[in-house]
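Biologist: Hi! Could you pick one part of this protein and take me through it slowly, as I am still learning to read structures?

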Amino acid sequence: MATVFWDAEGIILVDFLEQKKTVTATYYVEVLQKLKAAIIKTRSGKLHQRVLLYPDNPPAHSSRQSKDLLRELRWEILQSRFGPM
């Protein structure tokens, strides 16, 4: 499985999950930290702007661990019009 992050300029990060592994809160936090590093490396000026994420619905995306990191980074989650994530 691939986790892909992009913006209007193109792909920022692609992370591949090892076979037979599942998305956990720990994995998702690690990916978010990789994303921060990738933004610093490729879009350094944008890190000071708003970072918005539109995740799908796995429990790892709404875990306390993930929410704590997102709050620390001051990144926002866009809510689906179909209900909370």
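Modeller: Happy to! One term to begin with: two residues are in contact when they have heavy atoms within 4.5 Å of each other. What you see is a predicted model, in which local features need pLDDT of at least 70 and side-chain atom pairs count only at pLDDT 80 or more, while totals for chains, interfaces and linings use all residues. Residues are numbered from 1 along each chain as its sequence is written, and side-chain values use heavy atoms, leaving out hydrogens and water.

Let's look closely at R43. Is R43 buried or exposed? R43 is buried, because its relative accessible area is 11% (buried is under 20%, exposed over 50%, partly exposed in between, with a 1.4 Å probe and protein chains only).

What surrounds R43? If we leave aside neighbours within four places in sequence, the residues in contact with R43 are D7, E9, G10, I11, I12 and A38. The side chain of R43 also has a polar contact of 3.4 Å with the side chain of T42.

Now compare I40, which sits in helix 1. With a relative accessibility of 44%, I40 counts as partly exposed. I12, one of the residues that R43 touches, lies 28 residues from I40 in sequence, yet their C-alpha atoms are 10 Å apart in space.

Within helix 2 (residues 64-73), the buried residues are S66, L69, L70 and L73. Those four lie on the same side of helix 2 because they cover an arc of only 100 degrees around the axis, judged by the directions from the helix axis to the C-beta atoms. An α-helix has 3.6 residues a turn, so residues three or four places apart point the same way. The buried residues of helix 2 pack against helix 1, strand 3 and strand 4 (76-77), whereas R64, R71 and E72 are exposed on the other side. Just beyond helix 2 comes R74, with a positive phi of about 65 degrees.

How values were computed. Polar contact = N/O pair within 3.5 Å; in protein donor to acceptor, adjacent residues only side chain to side chain. Helix = DSSP H or I, 4+ residues; strand = E, 2+ residues; numbered from the N terminus.
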